[in-house]
Amino acid sequence: MFSLCLQPSASLKVQREEIIGSRGYYSTRVARNPNLEKLQTNYLFPEILERELKHVEKYPNAKVISLGIGDTTQPLPEPVALSMSNYARALSTPQGYTGYGLEQGNKELRRAIAETIYRDLLVEETEIFVSDGAQCDLSRLLLGSNVSIAVQDPSFPGYIDSSVIMGQSGDLKNDSGRYGNIKYMKCNLENDFFPDLSKIERTDVIFFCSPNNPTGHAASRQQLQQLVEFAQVNGSIIVYDAAYSAYISDSSPKSIYEIPGSRKVAIEISSFSKTAGFTGVRLGWTVVPKELLYLNGFPVIHDFNRIICTSFNGASNIAQAGGLACLSPEGFKEVMFKVDYYKENARILVETFTSLGFRVYGGSNAPYVWVHFPGSKSWNVFNWILDKTHIITVPGIGFGPAGEGYIRVSAFGHRESILEASKRLITLLCHTN
């Protein structure tokens, strides 16, 4: 038996000692991805969690109420949990065991999504790609580092961070908090939380969320028609986030595909997370219409399919069994009961802040309440409310420069927590006012 022992040469030892000597530590010679260096120091939600942990250390006996991160709190509908349990139990049998599934998702689930969510909208099951969540799919839209993008301001920070990582953003301008190559479409009270498209420069990709996170605004049919026409004129692709569409109570469209012409310009992303309570189960989907083409006429769906097959082995079979149960007549009814529960929470929060004289937006078509504190810094309001009431919210500035002066309050809580938070806020703000 032979053994090979490689000893570093004297010159290599010297080089290693020189590296350690000049830096005080050993490192590889691999440079850090320059795009990651452009990310702002902390992602919003881990920063909130860090502040919450410090608050708990300071006030160990306080009962903290989290109305910040939009994590669901109600248990899964019983038919859904039972379906996943049965599937998991069957995996222990020769007859019920399954391995890899289709990367694009279970055919039966894709068909159910097409027939239940997109009925009468001509979405085919083969255009639906099941995934482990909407946020994950944002990072799978590999449209290239040279594409230009536009985002609502304020909007979910994942759109910007994923674009930074892909090299699409340009450099961060510290004075404004904006990235140089990203177009920020201001959405505020003055424009009915919908951007003035006549003032927006053409970009390759437009990220648009309706109902919007964080403002809670659901775009009207007329507004979405303007958006689709804007994309058609400019040859842009809309990435439409419909994760909160189940919360829409009025006549606002629940899908971009309700708008004529949208199939030629729009990708839609959605999720089971905030409707069925799948934030931990992880299941979502993306729709890529066959009519959506690149400049050279190549179908976008073919590239997305290749990306999925290369970077993803498919959503959990157990999670997909749960998703299929969500779309059954009994399961869907139970899911909408959960949605109604959170909508009632939102109503209570809106009523609380409104009764105190605050300008409040959202809450009727979304599980988020957007509260204005004029002249105040968002992080200061966040810290003040946390310190005085032990309630976690989200500072509006974390969603973009236009969010300064606002906080987002989540309706994803237990009813008793929502009512207790309402009492604490009334006590604090009444005394302040």
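Which residues does UniProt list for "domain: Aminotransferase class I/classII large"? The unreviewed entry gives residues 63-420. UniProt positions follow the numbering used here, feature names are shortened, and annotations may be inferred rather than shown by experiment. The model is predicted: local features need pLDDT of at least 70, side-chain atom pairs count only at pLDDT 80 or more, and totals for chains, interfaces and linings use all residues. Residues are numbered from 1 along each chain as its sequence is written, and side-chain values use heavy atoms, without hydrogens and water.

Over residues 63-420 the chain is 34% helix and 16% strand. The end C-alpha atoms of this stretch are 10 Å apart. Helices (H or I, at least four residues) and strands (E, at least two) are DSSP runs, numbered from the N terminus.

Take helix α8, residues 221-234. Its 14 residues should span 20 Å at 1.5 Å a residue, and its end C-alpha atoms are 20 Å apart, which agrees. The expected span is 1.5 Å times one less than the number of residues. Q223, L224, L227, V228, F230 and A231 are the buried residues of α8. They cover an arc of only 155° around the axis, so they lie on the same side of α8. That arc is taken from the directions from the helix axis to the C-beta atoms. Buried means under 20% relative accessible area, exposed over 50%, and partly exposed in between (1.4 Å probe, protein chains only). Q222 and V233 are exposed on the other side of α8. The buried residues pack against β7 (205-209) and β8 (237-241), where contact means heavy atoms within 4.5 Å. G235 follows α8 and has a positive phi, near 65°.

Now the aromatic rings. The whole structure holds 20 aromatic pairs. Rings of Phe, Tyr and Trp (its six-membered ring) pair if their centres lie within 6.5 Å; planes under 30 degrees apart count as stacked, over 60 as edge-to-face and the rest as tilted. Y368 and F412 pair edge-to-face, 6.0 Å centre to centre with 80° between the planes. Y368 lies in strand β12 and F412 in the loop between β15 and α14, so the pair ties together parts 44 residues apart in sequence. W370 and Y406 are stacked, because their ring centres are 4.8 Å apart and their planes at 5°. This pair links strand β12 to strand β15, 36 residues apart. Both W370 and Y406 are buried.

Y244, Y247, Y341, Y342, Y368 and F412 form one aromatic cluster. The charged end of R415 sits over the ring of Y341, 4.3 Å from its centre. Such a charge has NZ of Lys or CZ of Arg within 6 Å of the ring centre and within 35 degrees of the ring normal.
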